[in-house]
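Please open the model in your viewer and keep a selection tool at hand. The tour moves from the whole chain to two single residues.

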Amino acid sequence: MNRFITRKLIIRTLAIICLLIAAYFIIPVSVPIILAGVSALLLEPIVMYFKRKWKMSRKIAVAFIYIVSVIFISIICYFTITQLMSQIISISKQAPYYMSKLSEMWDHMQENISKYTEDFPAEVSASLEKTTTDFVKKVEESFLNFFNYNKVTTFFSQIPSLFISLLVYMIALFLFMLDLPKLKHITYAYLKPSTEKKMKIITNRLKDAFFGFMKAQVLVSFIIAGVTLVGLMLIQTKYALAMTFVIWIIDVIPFLGSIIVLAPWGTYHLLMGNTPMAIKLFVLAAILLIIRRTVEPKVMGAHIGLSPLPTLIAMFIGLQLFGVIGLFAGPFVVIFLFALKETGVIKFNFKI
């Protein structure tokens, strides 16, 4: 009997190892299909809403949502490829010109450094000048390396394969949306009634958390946009409304957000000798960062069903362990664990 159990355990272990190895090789080349399946799951509540609200058949509801999704993705691709990429090519071609302007800024900054450090000891002044020179050289090298014309053209040579992946994603998305009830039925057919109930509870918790997360991000982004607009208008900078829109779009980048715009902007004014404007921009950047770091956990916790403290801890640990992805995934992992505890899959009922 023990020999039979041991043999069965070995077979299961080998099967799991084989599945993990297969997943390691298959998942990287199946990203468009996986994303299509996840997108179909996320769009399913919208499809069901249209079915109930407008008394549509599933095919009509799926077709309508799919067409709207295609239009949305097409608009994003159009602006990304025709606008953003053209600007990158333009910048890569004009990189030497920008380097000359950076050199002029460096000369101006050297004059300011010499003026501010003229009373310092000679060793301190020389060390400060050397540190600043090394920093500017690294900035120049990084800029030229990032906007290297050959690298940009190499990226564009990969666009056909990206279009193929996008085409596969769109086709798979429509098929997943159309056949999702059948796929769920097939999946649940392999599960026991108790397991099926637990699976539905877990998926519902994660689904509610995802939509709550999206609502929280939208709410926080509007708060950031409002504070940014008021701040730029008080600073009395040009194009306050346009720069607010740019910062609002870029602020969705986790952890950095508005600093990506305001820090270089303030640094530019600092190097050009406009210290008051630089200080104002740095203060605005700090205020926006504080708002996001303090408001985001509270708003997100309220919308995804976690209190602010676990949300903040999950976001911080996720960021430290897995970077940007972990910042988003951390709260979902906690919700997933709570859902497993609720369904009895894992148990924390112990005393020390």
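How many helices and how many strands does the protein chain have? Colour the protein chain by secondary structure, and you will find 13 helices and 0 strands, where helices (H or I, at least four residues) and strands (E, at least two) are DSSP runs numbered from the N terminus. This is a predicted model, in which local features need pLDDT of at least 70 and side-chain atom pairs count only at pLDDT 80 or more, while totals for chains, interfaces and linings use all residues. Residues are numbered from 1 along each chain as its sequence is written, and side-chain values use heavy atoms, with hydrogens and water left out.

Next, show the surface of the protein chain, which exposes about 23,900 Å², with carbon and sulfur atoms supplying 73% of it; accessible areas come from the Shrake-Rupley method with a 1.4 Å probe, and for residues only the protein chains shown count as cover.

Now select S221, which lies in helix α8 (residues 193-235). S221 counts as buried because its relative accessibility is 7%. Leaving aside its neighbours within four places in sequence, S221 is in contact (heavy atoms within 4.5 Å) with W248 and R292.

Finally, move to A329 in helix α13 (residues 324-343), where a relative accessible area of 30% makes A329 partly exposed.

How values were computed
Buried < 20%, exposed > 50% of the residue type's maximum accessible area, 1.4 Å probe, protein only.
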